[in-house]
Amino acid sequence: MSAREEIAQGKRFGFGENWSAFLGVLDDERIREAEQSLRTFLGVSDLQGKTFLDIGCGSGLFSLAARRLGASVHSFDFDESSVACTEELKRRYFANDSSWRIEVGSILDRAYLESLGSFDVCYSWGVLHHTDSLWQAIYNAQLPVGPGGLLFIAVYNDEGIRSSVWEAIKRSYCRGPVRRAVLTAVFYTIFFVSGLLLDLVRLRNPARRFAEHRKYRGMSLTHDWKDWLGGYPYEPARPERVERFLRNLGFSLVRLQRPDFGFGNNQFVFRRG
């Protein structure tokens, strides 16, 4: 079943549709922030001469960032609309570039991953927990990592009951336009008011929160709200379990950054060997 069919049946959030809207606000500053986040987390100044696999490329922003940093890039996504977004970014910035390849593909297709060869960096931020088969996705994501290569992943933290409640909310959001409208009205209000109160407590101009969110990986706050509310399937994991799983596959942990809020993403960089 394709992503488009799963979305129509209420089994999946329309990630690509959200990313398409995000491209309308993407600018050079956001791209620079994305580049900086890659440099910082990978601990490199650039990616010259490196190969970069973007697993679940979404908007294509981090494929673009990696290409601008000098890497040869292969991008794929299960969502056809996300692939279209990435192709649009390539058209804007690297038209006819043979060092950036983009296609539809599934992280759950082991044969496909094995066919890609090996890469210096395999990157999958906030993707693997949306496959409905997290551990198979993590296993497949490490397959193309070459000797000494890096695996950079971000996976939602498991907060037990709180995570189970969020899963139910996300599932309901994807089950039809009426539920989606109601949940959007309720939770956007909660997100806005809670942020406003926090800003007031900190004596900070509330408008800065929206403007400065771009410093977080070049993202957009309202698009992130929509992604968080609707992002389904949803399967979180405790960081120690992710680390143990990959350590058993021959990886060592290079870096772990826990989320500011408990149910956010744990970000990991692992090295093979």
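**Note on the predicted fold: sheet, helix contacts, cores and loops**

1. Seven strands make up an open sheet with mixed pairing, and their order is β3-β2-β1-β4-β5-β7-β6. Strands count as paired if DSSP finds at least two bridges between them. The edges are β3 (100-104) and β6 (251-257), each of which pairs on one side only. From one strand to the next the twist averages 15°. Helices (H or I, at least four residues) and strands (E, at least two) are DSSP runs, numbered from the N terminus.

2. Some ground rules apply. Residue numbers start from 1 along each chain as its sequence is written.

3. Tyr123 has Phe152 of β5 as its bridge partner.

4. Next, the helix packing. Two packed helices are described by the angle between their axes and the distance between the axes. Axes here are lines fitted to C-alpha atoms, for helices over the stretch in contact, and angles run from 0 to 180 degrees between N-to-C directions. The axes of α8 (residues 161-173) and α11 (residues 221-230) come within 7 Å and cross at roughly 100°. That makes α8 roughly perpendicular to α11. Angles under 35 degrees count as roughly parallel, over 145 as roughly antiparallel, 65 to 115 as roughly perpendicular and the rest as oblique.

5. Which residues of α8 and α11 make the contact? From α8 come Trp166, Ile169, Lys170 and Tyr173; from α11 come Lys226, Asp227, Trp228, Leu229 and Gly230. Contact means heavy atoms within 4.5 Å. By class, the contact of α8 with α11 has 5 nonpolar, 1 polar and 3 charged residues. The classes are: Ala, Val, Leu, Ile, Met, Phe, Trp, Tyr, Cys and Pro nonpolar; Asp, Glu, Lys and Arg charged; the others, Gly among them, polar.

6. Helix α11 also meets α2 (residues 15-22). Their axes come within 10 Å and cross at roughly 175°. α2 and α11 are therefore roughly antiparallel to each other. Phe15, Glu17, Asn18, Trp19, Ala21 and Phe22 of α2 meet His223, Lys226 and Asp227 of α11. The residues of this contact divide into 4 nonpolar, 2 polar and 3 charged.

7. Asn18 deserves a look. This residue lies in α2. Is Asn18 buried or exposed? Asn18 is buried, with a relative accessible area of 3%. Buried means under 20% relative accessible area, exposed over 50%, partly exposed in between (1.4 Å probe, protein chains only). Not counting residues up to four places away in sequence, Asn18 touches Phe13, His223, Lys226 and Asp227.

8. On to the cores. A nonpolar core is a set of buried Ala, Val, Leu, Ile, Met, Phe, Trp, Tyr and Cys residues joined through side-chain atoms within 4.5 Å. The largest nonpolar core has 47 residues. Those with the most contacts inside it are Leu38, Leu42, Leu47, Phe52, Phe152 and Trp166. Leaving out residues up to four places away in sequence, Phe52 touches partners including Leu38, Leu47, Phe62, Ala66, Phe119, Val121 and Tyr123. Another core, of 25 residues, lies apart from it; Phe76, Leu113, Leu246 and Phe251 are among its members.

9. Helix α4 (residues 61-68) has 7 of its 8 residues buried, so it is largely enclosed by the rest of the structure. The buried ones are Leu61, Phe62, Ser63, Leu64, Ala65, Ala66 and Arg67. Just after α4, Gly70 takes a positive phi of about 110°.

10. Check the backbone in the loops. Asn96 has a positive phi of about 60° although it is not a glycine. Asn96 is in the loop between α5 (80-93) and β3, and is exposed, with a relative accessible area of 82%. Asp132 is not a glycine either, and its positive phi is near 70°. Asp132 is in the loop between β4 and α7 and counts as exposed at 60% relative accessibility.

11. Last, Ser133 and Pro233. Ser133 is in the loop between β4 and α7 (134-142). Ser133 is partly exposed, at 27% relative accessible area. The C-alpha atoms of Ser133 and Pro233 are separated by 9.0 Å, although 100 residues apart along the chain. Pro233 lies in the loop between α11 and α12 (239-247). A cis peptide bond, with omega about 0°, joins Tyr232 and Pro233.

Terms used
This is a predicted model: local features need pLDDT of at least 70, side-chain atom pairs count only at pLDDT 80 or more; totals for chains, interfaces and linings use all residues. Side-chain values use heavy atoms; hydrogens and water are left out.
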